[in-house]
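Here is a short briefing on a structure with protein chains and DNA. Keep the sequence and the 3D view open as you read.

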2 protein chains.
Amino acid sequence: MPVKRERDPLPSDGRAAEVYLTAAQIILEKGYDATSVSDIAKALGITKAGLYHYIHGKNELLFNIMEYGLDQLEREVAQPAKQIADAEARLRFMITKHARIVTRGHGAVTILVDETRALTPAQNRKITRRKRAYLDFLRATLDELKGDGKLHKVDLTVASFSLLGMINWLSRWYRADGPLNEQQVADQVVNIALHGLTRPAPRRIRVAL
Amino acid sequence: MPVKRERDPLPSDGRAAEVYLTAAQIILEKGYDATSVSDIAKALGITKAGLYHYIHGKNELLFNIMEYGLDQLEREVAQPAKQIADAEARLRFMITKHARIVTRGHGAVTILVDETRALTPAQNRKITRRKRAYLDFLRATLDELKGDGKLHKVDLTVASFSLLGMINWLSRWYRADGPLNEQQVADQVVNIALHGLTRPAPRRIRVAL
DNA sequence: TATGCTACCTACCAAACGGTCGGTAACAAT
DNA sequence: ATTGTTACCGACCGTTTGGTAGGTAGCATA
């Protein structure tokens, strides 16, 4: 008797993994609604009925890809970040790592932010809850910085979402064959996020003699 | 004999305007692919065939809405900005104004950034060209600031897109019934963009006596 | 009264969609 | 030799889709 599982984790190898990876790539390119189940099947060289051997519905396929994206975010960004004691260093790490996942372009994380509307309400709740947890962690780091007096007077909500906006937007424009590599772009984003675009006017130091 | 026109500008009043406005709102909520022509017709209280009296196809409807979004951006942001001589003031104006159009949430500008995949190649080229012109103008302003020595050492491409990312992302999270009004959010974004999140460590001024 | 235009409607169509059914070839274990 | 499982396939189904053909009621102009 099979154990009832919360959800099927995406298999990391074998044919099933190939199915999910291919699906993620096509959905990333064409969008969820514009991608038919047959499109995915065709890309795999099988028929639609054959594909249904691996998936339990188009919706669940999307949901699983999104869960995988969140897994990735937690595994590669949030969890390692929790080991970093210094808040500023932690923030730098998170931005860099998150940005690189986006520019790496394997799809799951981008689909995660782009296609929320296609989920059922129940699926949406789960995904939203996990996304909020990630956001809260980011915000907590900013709050810690604030406590250290290292932050400008900024609203934490606006700050958190602005960070995510910069990072997530990378998927819309960054191309790996452009002039900057992933690390360079990530570094630039860190700089802009932390120090902004303009530099303060040089302080005029007047010393009364 | 009717004059052959480049494109039909969106009418600003009358029933036709109502049609386009309603369509934009629904597409904004549900996404282009998930919105059927009947959905739009239903919202207008007419049948699909009746709606086709006003539009010439689902694609052209989307295209027209996007053109309207670009018109809006040029009319309310780019053109007034060109009257501002000081580059820093111009940048502030552009960010503020653009952000407020997004938070105002009437749809066209957001659809513009969200649904590019649904266009035909020919439509896509036109829209992309106009978007690039806007981007180039933004970048030119940054370049001017750079010449004045008012900019950190940042890559202009990354900087421009990071700005757009922060601004466009607003549509994903900003709610008018939240704690901050549109102007406050716009100001916050300006601050983060120009000065960043962290403030420089206080300079220790040592004066040799 | 006739003509023409606007603003729709009912009824329909071919295509595409997500999904299912009953099969089958290949291989492994008993 | 039988049984079970995996990995598919061809054919089909009901529904929805974007889009069209042809009509009509109401109003304006001549």
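B:H98 touches B:V77 and B:I167, leaving aside residues up to four places away in sequence; contact means that two C-beta atoms, placed from the backbone, lie within 7 Å. This is a predicted model, in which local features need pLDDT of at least 70, side-chain atom pairs count only at pLDDT 80 or more, and totals for chains, interfaces and linings use all residues. Residues are numbered from 1 along each chain as its sequence is written, while chains are lettered from A and ligands numbered from 1 in the order in which they are written.

**Around B:H98**
- B:H98 sits in helix α5 of chain B, residues 87–104. Helices (DSSP runs of H or I, at least four residues) and strands (runs of E, at least two) are numbered from the N terminus.
- B:H98 counts as buried because it has 25 C-beta neighbours inside 10 Å. The cut-offs use C-beta atoms placed from the backbone: buried is 20 or more others within 10 Å, exposed is 12 or fewer, and partly exposed is in between.
- B:K126 is 28 residues from B:H98 along the chain, and their C-alpha atoms are separated by 21 Å.

**Chain A and its confidence**
- Chain A has nine helices and zero strands.
- Of its 209 residues, 36% count as buried.
- Among contacts in chain A with a separation of 6 or more, 64% join residues 24 or more positions apart.
- Chain A averages a pLDDT of 89, and 89% of the residues score at least 70. pLDDT is the predictor's confidence in each residue, from 0 to 100.
- Over residues 1–9 of chain A, pLDDT stays under 50. The model has two contacts beyond four places in sequence for this stretch.

**The nonpolar core**
- The largest nonpolar core has 109 residues. Such a core is a set of buried Ala, Val, Leu, Ile, Met, Phe, Trp, Tyr and Cys residues joined through C-beta atoms within 7 Å.
- A:I65, A:V189, B:I65 and B:V189 have the most contacts inside it.
- B:I65 touches B:Y20, B:A23, B:A24, B:A108 and B:I111, not counting residues up to four places away in sequence.

**How the two chains meet**
- 38 residues of chain B are in contact with 38 residues of chain A.
- α8(B) gives the largest share of chain B's side, 10 residues.
- That side divides into 20 nonpolar, 10 polar and eight charged residues. Ala, Val, Leu, Ile, Met, Phe, Trp, Tyr, Cys and Pro count as nonpolar, Asp, Glu, Lys and Arg as charged, and the others, Gly among them, as polar.

**At the DNA**
- Of the 15 residues around DNA strand C, A:S36, A:K58, B:I46, B:A49 and B:G50 come nearest. A residue is near a strand if its C-beta atom, placed from the backbone, lies within 6 Å of it.
- The surface near DNA strand C has five nonpolar, seven polar and three charged residues.
- Around DNA strand D there are 15 residues, and A:I46, A:A49, A:G50, B:S36 and B:A49 come nearest.
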